[in-house]
Amino acid sequence: PSAPKSEGAFVFFSAAFPAGTRASILVCKARTLRHTFSRFMHTCEKIYTDIPIGHVQHRHPGHCSFVHGHNWSLTLTFACEELDHLGFVIDFGGIKFISQWISEHLDHACLFAKSDAEGLKMLAAFPHLFKPYILDNCSAEGLATHLFDVFDALVRKESANRARLKSIKVGEDSKNFAYFEK
């Protein structure tokens, strides 16, 4: 292979292949390392624990098909390229909007899947017995995916797009965890 030749935001490499191969010369176009890796990512985590939430896995063949609950935890990893004027990725004292959202929507709630016809009938018949939160998939994985989108939008809005949510870890009690990241 020849030495890389830089042209703007790209580096060109060439390599000769033995006769009889489909290509005699390979030219790879890749972003320069300087361009791709020049930005550093700062991260920090905030953990919310002991959030009592019920759910039902209506398609599950076993005991998870019954309404049951867990003490859930949420670990949010925030990221940014540029720290704020205080030197933070995100000021933990300034993200009360997340704990308020959790308190309003999830604390003592019961998760139901949009596809759970029996669960939705139960909610209609006994609305006073539940604090329902309805989403596409109420597994830990589904909750992680859903909450990532909710919290990422809130963090971007509150930080004027300087910070974002990098990943979320959702725990059912202290034994089972699901992760989602973009």
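**Exercise 1.** Which helix holds R156 and D152, and how many residues apart are they?

*Solution.* Before we start: this is a predicted model, where local features need pLDDT of at least 70, side-chain atom pairs count only at pLDDT 80 or more, and totals for chains, interfaces and linings use all residues. Residues are numbered from 1 along each chain as its sequence is written, and side-chain values use heavy atoms, with hydrogens and water left out.

Step 1: find the element. Both residues sit in helix α4, 4 residues apart, or about one turn of the helix; helices (H or I, at least four residues) and strands (E, at least two) are DSSP runs numbered from the N terminus.

Step 2: check the contact. R156 and D152 form a salt bridge at 2.9 Å, N to O (a side-chain nitrogen of Lys or Arg within 4 Å of a carboxyl oxygen of Asp or Glu).

Step 3: D152 is buried at 12% relative accessibility, while R156 is partly exposed at 30%. The cut-offs: buried is under 20% relative accessible area, exposed over 50%, partly exposed in between (1.4 Å probe, protein chains only).

**Exercise 2.** Work out what the salt bridge between D149 and K182 ties together.

*Solution.* Step 1: the two side chains meet at 3.1 Å, N to O. Step 2: D149 lies in helix α4 and K182 in the segment after β9 (176–181), so the bridge joins parts 33 residues apart in sequence. Step 3: K182 is exposed at 61%, and D149 partly exposed at 40%.
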